[in-house]
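Below are some notes to read alongside the structure, taken point by point.

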Amino acid sequence: MSPSTPSTPLPRERLLAPLRQPRRWDLVVVGGGATGLGVALDAALRGFSVALVEADDFAKGTSSRATKLVHGGVRYLAQGNVSLVHEALRERGALLANAPHLAQPLPLVTPAYRWWEQGFYGIGLKAYDALSGSRSVGATEWLSVARTRELLPGVQPAGLRGGILYWDGQFDDARLALALARTAQAHGAAVLNHCPVVGLLRDGGHVGGVRVRDAESGEAFDLEARCVVNATGVWVDALRDMDRDPAAPSRPPMVAPSQGVHLVVDRAFLPGTHALLVPKTRDGRVLFALPWLGKTILGTTDTPRDDLAREPTPFREEVDFILGEAAGVLVRAPQRADVRSVWVGLRPLVKPPSDDGENTKALSREHTVIVGRSGLVTVTGGKWTTYRAMAEDVLQRAMQRGLLEQRPAGVTVRHPLIGAAPGRPLGEPPGEHLYGSEAALLRSLPGAGRWLWRDGSGGLSEAMVRFAARYEMARRVEDVLARRSRLLFLDAAEAARQADGVAALLADELGHPVDANAFKTLAAQYAQVP
Ligand SMILES: Cc1cc2nc3c(=O)[nH]c(=O)nc-3n(C[C@H](O)[C@H](O)[C@H](O)COP(=O)(O)OP(=O)(O)OC[C@H]3O[C@@H](n4cnc5c(N)ncnc54)[C@H](O)[C@@H]3O)c2cc1C
């Protein structure tokens with residue numbers, strides 16, 4: 001059974017109260033992305049006392065900027081990494097089952113233009129199918145030219161030899177993060193956004209908690225804990241620096257960031273319900289065109305950068321690459337002027353430190369968990385799809401080090417998230433269906449029939465803004481328009497037009513004035529295509 005919505009709204013004061021009380025938590029998690037939230041939920045379900053603090057908003061970092069695929073990582077098969085794919089396919093199954101309102105099976109078609117492509121990719125994808133076993137979401141099929149064109153109405157027909165259909169999953173990443181936060185909360189975890197960690201509490205050589213600062217009031221307070229988990233994504237080195245003895249020499253960073261860019265265009269460029277995958281572009285990269293919330297996402301790139309910007313901007317060459325490759329496979333080639341939003345996410349390329357005496361474990365998977373001499377547990381890397389397995393690894397490591405007592409794993413394998421109810425394909429425009437079993441509560445709020453922005457039978461309603469403030473911990477215009485609603489990611493200019501109206505509704509709900517200008521500046525960045 002999924003946890004039920006709290007019977008009354010959760011004002012921030014009520015969320016702050018347990019954090020202000022003097023006590024020692026079993027676990028304090030720093031970072032409210034997929035990784036930290038997964039750890040908080042798992043630990044709470046195992047009966048540990050947990051507090052999670054997020055510097056900005058839940059999923060403000062990489063976790064709202066994914067390609068939105070729940071996937072086994074078919075490309076790892078080509079590298080022979082069967083166990084990695086096997087694990088991710090298992091996790092794909094768990095995620096689709098635990099949050100069916102936010103994660104759905106997705107059919108993908110690879111168009112074949114070269115003689116060898118259909119056979120080569122088809123055999124690999126059949127193997128992918130076989131590995132899915134009972135968790136398969138659909139069978140791989142070889143497609144004729146006519147069938148490929150039928151499933152991908154926007155595909156370039158010149159030179160087409162056929163295609164291959166296979167299945168993965170797709171999700172709304174930011175709303176899934178919120179569902180994780182709220183599910184952890186329903187099981188006793190204290191979770192708070194807009195509350196950065198500004199220091200670590202050190203007890204001799206051991207990390208015994210964190211110092212946080214409420215970003216709204218400026219109030220600082222300490223959270224003592226037996227175990228502190230650094231789940232700050234590409235920003236893990238900043239917290240690791242706080243853990244350093246000031247007299248000791250500085251350590252090289254363990255994360256090198258690499259950015260991925262996505263462009264959003266109208267569905268008219270790829271009508272239909274199927275996604276398009278080019279496994280090998282002219283320069284050997286991968287290109288996706290995916291239906292998502294009424295639009296088409298084109299992406300992505302993988303470009304190293306040397307800063308850790310909170311809002312990274314795309315490079316011109318990345319936009320050139322995506323538009324250029326899309327032009328090769330779509331009948332209607334999207335132009336810069338067609339792009340409705342461009343967003344950039346940072347992935348951590350991890351170089352686990354091995355020469356500083358830390359207990360290092362570079363897992364055979366993509367993620368890394370390190371327990372420092374001080375007991376600070378750092379986790380980074382991996383992918384959204386495997387957040388649940390990553391959380392189990394983190395807790396296992398904390399238990400091995402004696403930071404927490406042993407408690408059995410596996411509690412999140414079958415644990416529906418808040419709102420879990422049969423869902424609709426994620427290609428459809430956003431609407432009440434994304435609220436799952438909470439849709440009835442949403443409809444009971446003022447303004448349920450008043451649409452601020454309309455797309456098909458959905459869009460953004462006044463009630464959704466009120467729901468965001470009352471039940472989803474939204475504090476700012478950006479929290480609503482970027483992550484409770486995904487309008488910023490779908491159509492940045494439209495999101496900017498909604499900013500004043502959303503600010504007024506939030507002000508009404510929160511009881512204080514709410515600024516819209518910061519969001520308008522951000523939306524201008526998302527609308528700007530270099
Ligand atoms: C371009 C791109 C596409 C991707 N596509 C997919 C995909 O399709 N499918 C998939 O499975 N995976 C995908 N991934 C991977 C996936 O998105 C990431 O693995 C995942 O989101 C990482 O989550 P995280 O919690 O580790 O990091 P983040 O989401 O970045 O969370 C870290 C959080 O820590 C917070 N923080 C930082 N400092 C502090 C502090 N001092 N105090 C408190 N909080 C702090 C930040 O604000 C942030 O919210 C993609 C990644 C990229 C870059």
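1. Thr110 sits in strand 4 (residues 103-112); helices (H or I, at least four residues) and strands (E, at least two) are DSSP runs, numbered from the N terminus. Thr110 is buried, its relative accessible area being 1%, where buried means under 20%, exposed over 50% and partly exposed in between (1.4 Å probe, protein chains only). A polar atom of the Thr110 side chain lies 3.3 Å from the backbone oxygen of Leu277. That is a polar contact: a pair of N or O atoms within 3.5 Å, where within protein one must be able to donate a hydrogen and the other to accept it, and residues adjacent in sequence count only if both atoms are side-chain atoms. Not counting residues up to four places away in sequence, Thr110 touches Tyr121, Gly162, Gly163, Ile164, Leu277 and Pro279, a contact being heavy atoms within 4.5 Å.

2. A word on the source: this is a predicted model, in which local features need pLDDT of at least 70 and side-chain atom pairs count only at pLDDT 80 or more, while totals for chains, interfaces and linings use all residues. Residues are numbered from 1 along each chain as its sequence is written, and side-chain values use heavy atoms, with hydrogens and water left out.

3. Next, please look at Gln170 in strand 6 (residues 162-171). Is Gln170 buried or exposed? With a relative accessible area of 2%, Gln170 is buried. Its side chain has a polar atom 2.6 Å from the backbone oxygen of Pro291. Leaving out residues up to four places away in sequence, the residues that Gln170 touches include Lys68, Leu69, Val70, Leu102, Pro291, Trp292, Leu426 and Gly427. Pro107 is 63 residues from Gln170 in sequence, yet the two are 9.4 Å apart in space, C-alpha to C-alpha.

4. Lys68 lies in the loop between strand 2 (50-53) and strand 3 (69-70), and its relative accessible area of 0% makes it buried. Its phi is near 75°, a positive value in a residue other than glycine. Most residues other than glycine have a negative phi, and most peptide bonds are trans.

5. His194 also has a positive phi, near 50°. The residue is placed in the loop between strand 7 (190-192) and strand 8 (197-203), and counts as buried at 0% relative accessibility.

6. The peptide bond joining Gly299 and Thr300 is cis, with omega about -5°. Thr300 belongs to the loop between strand 14 (295-299) and strand 15 (303-304), and at 15% relative accessibility it counts as buried. Which backbone oxygen does the side chain of Thr300 reach? That of Val261, at 3.0 Å.

7. On cysteines, a search of the whole structure finds 0 disulfides, a disulfide being a pair of cysteine sulfur atoms within 2.5 Å. For Cys195, the nearest cysteine sulfur is that of Cys227, 18 Å away. Cys195 is buried at 0% relative accessibility, and Cys227 is buried with a relative accessible area of 0%.

8. Helix 13 (residues 477-484) is largely enclosed by the rest of the structure, because 8 of its 8 residues are buried. Among them are the charged residues Glu478, Asp479, Arg483 and Arg484. The cover over the buried residues of helix 13 includes helix 7 (173-186), strand 21 (458-461), helix 12 (462-471), helix 14 (487-490), helix 15 and helix 16.

9. Finally, the axes of helix 15 (residues 492-510) and helix 16 (residues 517-527) come within 8 Å and cross at roughly 170°; axes are lines fitted to C-alpha atoms, for helices over the stretch in contact, and angles run from 0 to 180 degrees between N-to-C directions. Helix 15 is therefore roughly antiparallel to helix 16, since angles over 145 degrees count as roughly antiparallel, under 35 as roughly parallel, 65 to 115 as roughly perpendicular and the rest as oblique. Helix 15 contributes Ala492, Ala495, Ala496, Ala499 and Asp500 to the contact, and helix 16 contributes Phe519, Lys520, Ala523, Tyr526 and Ala527. These residues divide into 8 nonpolar, no polar and 2 charged, with Ala, Val, Leu, Ile, Met, Phe, Trp, Tyr, Cys and Pro counted as nonpolar, Asp, Glu, Lys and Arg as charged, and the others, Gly among them, as polar.
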